[in-house]
Amino acid sequence: MDTAEILKKVRQIEIKTKGLTNHIFAGEYHSAFKGRGMSFSEVREYHFGDDVRSIDWNVTARFNTPFIKVFEEERELTVMLLVDVSESSAFGTKKQDKRHLITELCAVLAFSAINNNDKVGVIFFSDGMERYIPPKKGKSHILFIIRELLSITPKRKGTNLKETLRFFNNATKKRSIVFVLSDFLSDDYQDALNIASKRHDVVGVHVYDQRDKELPAVGLIQVSDAETGAVQWIDTNDRQVRQYYERQFAQHAQYCKNAFLKSGAELVSVRTDEDYVKALQTFFLNRA
């Protein structure tokens, strides 16, 4: 896409996703991700039903009427988006490809975060770190992130989540909310995920296409691996071939689920032709 097309696409994504965050996710995000603690705000007169444990006895004695301490949640959080930009993320066969879905999901999460006065940062990764954007606040920062998502050309084709999580663990000391958006076509990231989950609040978003999961019976076809470049012919009319393909996806999905469960993190799955709004709403509500 040229510059004009990118800016037009940024605007389209902004209109769609900002509307969703304002009308659908405004309360869900706040409820799902709590602040770091409670800070003292003010004292006010005691009202019937208030918790007596909150009574400020010094002020009460001074004015000879009960007063209570009021605390407010410290809301400011840091949200980090770890975004898969490998070649496999460009795959899609129906409504949209995985890269486009990831971009919209990032926009929704980012706008939800800044609506709650949180900072947002991004790490783009393939089989190495492609780019790091430090956390900041503000609408212009979110639009910059969306523009980079649409225009980035990765230097590498593969996926290495282990090295990405290691970089994040070393680079980010402050506790953060971490969304990992990927198809997770990567091996051996359990240890790095364990470390990240102990320090941060980690949520995986598994993005996949229907054709990642199953093959149609369309005869003999030539297929290539987008990340390795390997090419082979397969007979999709062969039921055993299709069943093997489905088993491979099921095993991969189960590995992802087990990895996040074992680390204490959370995982939500979204398909390219499904409504991600419903998936996010369900996740936010269950978490809250």
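Reader: Where is the place of Glu-130?

Author: Glu-130 sits in strand E5, residues 129-136. Strands (E, at least two residues) and helices (H or I, at least four) are DSSP runs, numbered from the N terminus. This is a predicted model, in which local features need pLDDT of at least 70 and side-chain atom pairs count only at pLDDT 80 or more, while totals for chains, interfaces and linings use all residues. Residues are numbered from 1 along each chain as its sequence is written, and side-chain values use heavy atoms, leaving out hydrogens and water.

Reader: Why is Glu-130 called buried?

Author: Its relative accessible area is 10%. Buried means under 20%, exposed over 50%, and partly exposed in between, with a 1.4 Å probe and protein chains only. The value of 10% falls under the buried cut-off, so Glu-130 counts as buried.

Reader: Which residues does Glu-130 touch?

Author: Not counting residues up to four places away in sequence, Glu-130 touches Val-85, Phe-124, Phe-125, Ile-152, Pro-154, Lys-155 and Arg-156. Contact means heavy atoms within 4.5 Å.

Reader: What makes Asn-169 buried?

Author: Asn-169 has a relative accessible area of 4%. That is under 20%, so the word buried applies. Asn-169 belongs to helix H6, residues 161-171. Leaving aside neighbours within four places in sequence, Asn-169 is in contact with Ala-192, Ile-195, Ala-196, Arg-199 and His-200.

Reader: Why is Asn-117 called partly exposed?

Author: Asn-117 has 44% relative accessibility. That value lies between the 20% and 50% cut-offs, so Asn-117 is partly exposed. Asn-117 is in the loop between helix H4 (98-115) and strand E4 (119-125).

Reader: What is phi of Asn-117?

Author: Phi of Asn-117 is near 65°, a positive value in a residue other than glycine. Asp-188 is another case, with phi near 55°. Asp-188 lies in the loop between strand E6 (177-182) and helix H7 (190-199).

Reader: Which residues of H10 are buried?

Author: Tyr-276, Val-277, Ala-279, Leu-280, Phe-283 and Phe-284 are the buried residues of H10. Seen down the axis of H10, they fall within an arc of 165°, so they line one face of the helix. The arc is taken from the directions from the helix axis to the C-beta atoms. An α-helix has 3.6 residues a turn, so residues three or four places apart point the same way. On the other side of H10, Lys-278, Leu-285 and Asn-286 are exposed.

Reader: What covers the buried residues of H9?

Author: The cover includes H7, strand E7 (201-208), helix H8 (210-213) and strand E10 (266-271). The buried residues of H9 are Arg-242, Phe-249, His-252, Cys-256, Ala-259, Phe-260 and Ser-263. H9 itself has 25 residues, 239-263, and reaches 36 Å from its first C-alpha to its last, close to the 36 Å expected.

Reader: How many helices and strands does the protein have?

Author: The protein has 10 helices and 10 strands. Of its 288 residues, 47% are buried. Its C-alpha trace spans about 90 × 45 × 35 Å along its principal axes.

Notes:
Expected span 1.5 Å × (residues − 1).
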